[in-house]
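Please keep the sequence and the coordinates at hand while reading.

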Amino acid sequence: MKRLVLLVLILSSGLKAQNFVGLPDSNAIWTNSYSELVTQPFFHYELAHTVKLCLSNQDTAIQSQNYHQLFLCGSSQVYFAAIREDAGRVYLLPKDSLTEITVYDYNLLPGDTVKNIYSVGFGNYWPQQPIVYLALGDPMDPVIVQNVDTVYSSLGAHRILDFGLSGVWVEGIGNSQGFLWDPYPNVSNFEIKLECMSIGDSTYYDGYSHQPLAQALNGACDLSLSADEAIAWEQMSPYPNPSSGSLQINNPEPIKLEVYNLQGQRLWSQHVPAKAQLDLSFLASGTYILHAGNESWKWLKK
């Protein structure tokens, strides 16, 4: 009996002593994607933009706490927030704020309700927009931990918290639906996803597995659209919209532009120069889809 009790104590001690992978302290990149459902000429998701968050090797002390600096990546980095982890809880100090918020708590157990934990809306990542942080769940629609599991990668052990929604929390990685995004299901015509996460020159998570990689991949996390390119694409939206046919496209380089009707028929296609001025007055009044590269826009012809 004493041996059995001793064995139980040893096993319990081993479980408590499990060392889990924490937040990286430098040179980490999270690439988050936003794709929109395009119905014409067929149903599919098209990548609209990406947001890359970079954890630098710069630390900063604020109110006697040591934080790592988080930036919007690009050729010109934009300071986003300060972030730190303590005993399985991840804290964020938003830009221009002295009030710290909790963004992850990996100590939660099955049946626990998520309280006083915040996320940021994906659209609010853009530096020209005010960033709004919202508390997860509400009394009428609580977010409850359904399952907690442990998986292993080349970094070590990770706790995974599943809420029975779309996104899961992966310790040391973040949320599968975007690093600081919420875990709710996508109920509109868009899809959000943490595409990949890397530290240095190795990628430890990809968006297809929803789990950290057992074997790291060579190369830092990247997508075709950097943060700077994504902002440029967003600013490229045609205007005025609606219009009677005269249309300005602020494309930074020559592109192939196509115009479809809502039945998926291509009505016009042409390679246009940078900052193109278009005359589409020959089209009948109605709603059209303008398509270029990975981008699509709705345009109303008066």
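A disulfide is here a pair of cysteine sulfur atoms within 2.5 Å. The structure is a predicted model, in which local features need pLDDT of at least 70 and side-chain atom pairs count only at pLDDT 80 or more, while totals for chains, interfaces and linings use all residues. Residues are numbered from 1 along each chain as its sequence is written, and side-chain values use heavy atoms, with hydrogens and water left out.

The structure holds two disulfides. With bonded cysteines counted along the chain, their pattern is 1-2, 3-4. In the link between Cys54 and Cys73, the sulfur atoms are 1.7 Å apart. This link of Cys54 and Cys73 is right-handed, with 120 degrees about the S-S bond. Cys54 belongs to strand β2 (residues 44-62) and Cys73 to the loop between β3 (65-72) and β4 (78-86), so the pair ties together parts that are 19 residues apart in sequence. Helices (H or I, at least four residues) and strands (E, at least two) are DSSP runs, numbered from the N terminus. Cys54 counts as buried because its relative accessibility is 12%, and Cys73 counts as buried at 7%. Buried means under 20% relative accessible area, exposed over 50%, and partly exposed in between (1.4 Å probe, protein chains only).

The other disulfide joins Cys196 and Cys221, with sulfur atoms 1.9 Å apart. The torsion about the S-S bond of Cys196 and Cys221 is about 85 degrees, so this disulfide is right-handed. Cys196 lies in strand β13 and Cys221 in the loop between β15 (212-218) and α2 (227-235); the pair therefore ties together parts that are 25 residues apart in sequence. Both Cys196 and Cys221 are buried.

Strand β13 (residues 190-199) also contains Lys193. Is this lysine, Lys193, buried or exposed? Lys193 counts as buried because its relative accessibility is 15%. Leaving aside residues up to four places away in sequence, Lys193 touches Thr31, Asn32, Ser33, Ser176, Gln177, Gly178, Gly207 and Tyr208, where contact means heavy atoms within 4.5 Å.

Elsewhere, an open sheet of four strands has the order β9-β10-β11-β12, with antiparallel pairing. Its edge strands are β9 and β12 (174-175), each of which pairs on one side only. Two strands pair if DSSP finds at least two bridges between them. Strands β9 (residues 147-153) and β10 (residues 156-162) are antiparallel over seven bridges, and a hairpin of two residues joins β9 to β10. Within this pairing, Val148 stands opposite Leu161 in β10. Strand β11 (residues 168-170) pairs with β12 in the antiparallel sense over two bridges, and Val170 stands opposite Gly174 in β12.
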